[in-house]
Amino acid sequence: MKTNMMRGLARSGVAVAALIWTGAAYAQAVTPEPGQNAPATQVPDETDAARAQLSTSGTALPPDATTTQAPADVVVTGSRIRGVAPVGSSLIEQTRADLLSSGATNTTQLVQNLPQVINQGVSEGSRSTSGGAGNITYSSGFNIRGIGPYATLTLLNGHRIVQSGSSGGLPDPSAIPTIAVERVEVVADGASAIYGSDAVAGVVNLITRRRFNGLEARAQYGLAADQGYNQYNIGIIGGHSWGTGNLTLSYEHSGHGALNGRDRDFYGADLRARGGGDYRGTQCNPANIAINGTNYALPGLVAGSVNKCDTLKTQDLIPAQRRDSVMGSVTQEIGSRITLTGDLLYTRRDFQFNPALTTATVVLPSTNPYFILPPGVVATSETVQTNFGGQGPVNSTRGFSKVLEGTAGLNWKMFGDWQLDASYTYGRDESLSTSTQGVNNGALAAALASANPATAINPFGGNSAGVLNSVFNQVFGAPGVNEEHEGEVSVSGSLFHLPGGNVRAALGGEYVRESIYTGLDSGPANAVNSSRTYAARNIKSVFGELRVPIFGDDNAIPGFHALDLSLAGRYSDYSDVGHTSNPKIGINWEPVRGLKLHGSYGTSFRAPILTQIKGAVDALFIQNYNTPNGVVTGATLSGFANGNPLTPEHARTWSLGADLVLPALPNFRASVNYFNIDYTGQINAILSDLSILQGGASASQYADRIVQGAPAAALIQQFVQQGYPVFGVLPNNPTLFVYGQNVNAGKTLAEGLDFQLSYRLSHFNIATNGTYFTRYRTAVSTVAPFLDSVNTIFNPPRFRSRSSVGYDNNGTSAVVFWNYTNSYKNNRVTPTQTVKDYSTFDLHVAHRFDGTLSDKNKLTLAVDVSNLFNVDPPFVNIPESPNGGGGFDPTVSNPIGRIISISATVSL
């Protein structure tokens, strides 16, 4: 491996020297292109102003018909060559106008408005699908195409963002203050040839406001229609420019309250009134007693009777969050050829999640002073199914995430249009998720066995504070420290001139070191056991890209107004999982002016995250699984019992598309893009999916990871004897064991169409953006057959769109958005349920007052209404889970309802 890397570096060194020599030799022969000698910043001010026209929401003008490429000095997401938009791949943009009109209070909300981004996996309101189990700090990431949150690469100004949480693997984009965001660029196409690991489904690049000059302050507050939820955002940004540079600083305080299940009538366990099942459990208060196979419900204790209850109704559907963010950027030109840049970000996010009631199934001996028997029944012990609602404490999860990231960059104009870019990025994320009032199984067993009324626990209620404090003192803590060092050097410029234009190239190398320090704190409050693990790896990469304009303005012929070819490749060597090479080819063809046909083909990969290789927490989690015959309590294994042979995931991606900009209608743009993804070796786990036994075709796919009956009890006992910590109350006679670890077992075949359309007529504009899946087939294990999963629950819906109609004139603007998700199938139940489609409307109304305080200041007042008609989520026949669900699907719909927000923005 090391030899291959050295050979690759040697070849790259020779190639860099050749490119520089060739560039120098041809410097006088290359035809200069407009803007090539502009100040070497990634996003000049004048470019930002122009890009305001690229709104995909219909809130601003579509691009002018004469716009065919990016300004020559700007690096666009999807390409390493300055001044070149990605060849063969579509670029989707969300501008600052989109952010302001969306009512979003954090960056994640803005991007998740795009139909191409599916709200599955790592989300604060849903943790049941891929990646969700490790999201114990309640961050929210991006999931392009819905093929997995780890398959989308998130960048900040073109650089990787440090991973977040005690499991790592994903950054937290909400750490970037919204007041500092200029735009978001999304390439929904494989891009490992450009950026390396994780860019399987695509790339999201968050680009901040640089060279800001002046002062701007913004405040926003929103409240749900029933006042059960609120959100807020207060931010300020200021900047000062001088002849050769700029300094920009911003601060933002934002967050939202918790949304509890008691505040939403459509959320619950008993769904019979809506045509669903009764998913209530039997761990109730009043309790149920079982003696010799016969059930007796309190208080009557009639043989065969049973109490049922909803123990999850009181949990939070969305946790409370609070963020404080500071961001700064500086630009300084040194002479006419060198520009230094720097970015610094610090964010602290605090969260609190209130869980469901603490439940237990225990054996109560007759020696316990609170032992009771039904009349006429004789027994020395009994099984009690109970919960401690109303007496035991709420075992709330609290924690924080602190992100520090800084980038220092240098740009050197060498000769002609050749430029060298060098940068170093350091990132650190420190996080902690903790709870301190869980069930201490040892103390519970002692309290059940006690014959002393002062120390014995009464599972039927009425316990003293002393007894409760002795039992509910179990500590769970999951700390994590992620660090990332990224160094990169690249050169870019024109090699020589062809009749179609300049042949441009980029070549460079990158070194990344990433590490995580994580562990587990568990045990009674006075005897907490702590374990820590450290994992790290080094990644060395070389990359190159070539853009060849075969036809252009100077040599256009009928049928070939323009023809561009792009070739890119990347070689990466990982210190822990081996090496990989990934090519990509792209082509743009304009048969006539205004019509561009494009296509791409490439391979991508994703390396396992460090905690997937080592296992974040080796433990048994006691969880309630829903089955066709009721709720079954089982044990789920997390971590890795016998090592882990995980290998990188691999994908083949290709796309075809067309963009239409009519010269006769300069304010019209339409595009369509076909995508195809063949993704193999996906790493998946079922730690947090508590409905896998409920039935349907998906249940059989997990047969190799589920053990039932007596073998399950033997496995659980084996891991307990090995010292695995147990979280929750372990049943005396467990009959279910689930392997919840990560395995290289998943496969996905996805294909479909993206489309965008926008048109402006005078003061009115319309726009639409959508995704339609023609195929989405998945298999969750190596022995499982492919299933047609498109339009089924917890998989991408076949069709999603966001459309808008807007008006703006003399500082007054109004936009109405329509968000649509089509009907889909819930195959987790028998017979399969058809879930209704989901339509919501959003409204944005704003007016700008110019010169209210001085000639230069502007005051903008706005009202935003999300879910204008307060539409409830469509009914879905799925049980409640600690990770989401219960009458609605949190991966598709939003439980909040209507939110009315008001905001004020002052610019000086």
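Student: Which residue of E3 does Leu155 stand opposite, and what makes E2 and E3 a pair?
Tutor: Leu155 stands opposite Arg160 in E3. Two strands pair if DSSP finds at least two bridges between them, and two bridges join E2 to strand E3 (residues 159-160), which run antiparallel; the pair therefore meets the cut-off. The hairpin of E2 and E3 has two residues between the strands, and Asn157 takes a positive phi near 55° there. This is a predicted model, in which local features need pLDDT of at least 70 and side-chain atom pairs count only at pLDDT 80 or more, whereas totals for chains, interfaces and linings use all residues. Residues are numbered from 1 along each chain as its sequence is written, and side-chain values use heavy atoms, with hydrogens and water left out.

Student: Which other strand pairs with E2, and in which sense, parallel or antiparallel?
Tutor: Strand E5 (residues 202-208) pairs with E2 in the parallel sense over five bridges, and here Leu155 stands opposite Asn205. The strand names follow DSSP runs (E, at least two residues; helices are H or I, at least four) numbered from the N terminus, and the protein chain has 10 helices and 42 strands in that count.

Student: Why is strand E2 called largely enclosed?
Tutor: Five of the five residues of strand E2 (residues 152-156) are buried, so the rest of the structure largely encloses the strand. Buried means under 20% relative accessible area, exposed over 50%, and partly exposed in between (1.4 Å probe, protein chains only). Thr152, Thr154 and Leu156 point one way from E2, Leu153 and Leu155 the other way, and all are buried. In the protein chain as a whole, buried residues make up 60% of the 908 residues.

Student: What does Gln391 touch?
Tutor: Leaving out residues up to four places away in sequence, Gln391 touches Asn285, Asn458, Phe460, Gly461, Gly462, Asn463 and Leu468, where contact means heavy atoms within 4.5 Å. Gly461 is 70 residues from Gln391 along the chain, yet their C-alpha atoms are separated by 7.0 Å. Across the protein chain, among contacts with a separation of 6 or more, 72% are between residues 24 or more positions apart.

Student: What joins the side chains of Gln391 and Asn463?
Tutor: They are joined by a polar contact of 2.8 Å. The term requires a pair of N or O atoms within 3.5 Å, and within protein one must be able to donate a hydrogen and the other to accept it, with residues adjacent in sequence counting only if both atoms are side-chain atoms; the distance of 2.8 Å therefore falls inside the limit.

Student: What makes the meeting of Arg349 and Asp172 a salt bridge?
Tutor: A salt bridge is a side-chain nitrogen of Lys or Arg within 4 Å of a carboxyl oxygen of Asp or Glu, and the side chains of Arg349 and Asp172 meet at 2.9 Å, N to O. This pair links distant parts of the chain, with Arg349 in strand E15 (residues 338-353) and Asp172 in the loop between E3 and strand E4 (181-187), 177 residues apart. Both Arg349 and Asp172 are buried. By this rule the count comes to 36 salt bridges.

Student: How do you know that the side chains of Glu649 and Arg606 meet in a salt bridge?
Tutor: Their N to O distance is 2.9 Å. Glu649 lies in strand E28 (residues 649-660) and Arg606 in strand E25 (residues 595-606), so the pair ties together parts that are 43 residues apart in sequence. Glu649 is buried, and Arg606 is buried too.

Student: Which residues are linked with Arg272 in a network of salt bridges?
Tutor: The network links Arg272 with Asp270, Asp278, Arg280 and Lys308. One of its salt bridges is formed by the side chains of Arg272 and Asp278 (3.8 Å, N to O). Asp278 has 22% relative accessibility, so the residue counts as partly exposed.
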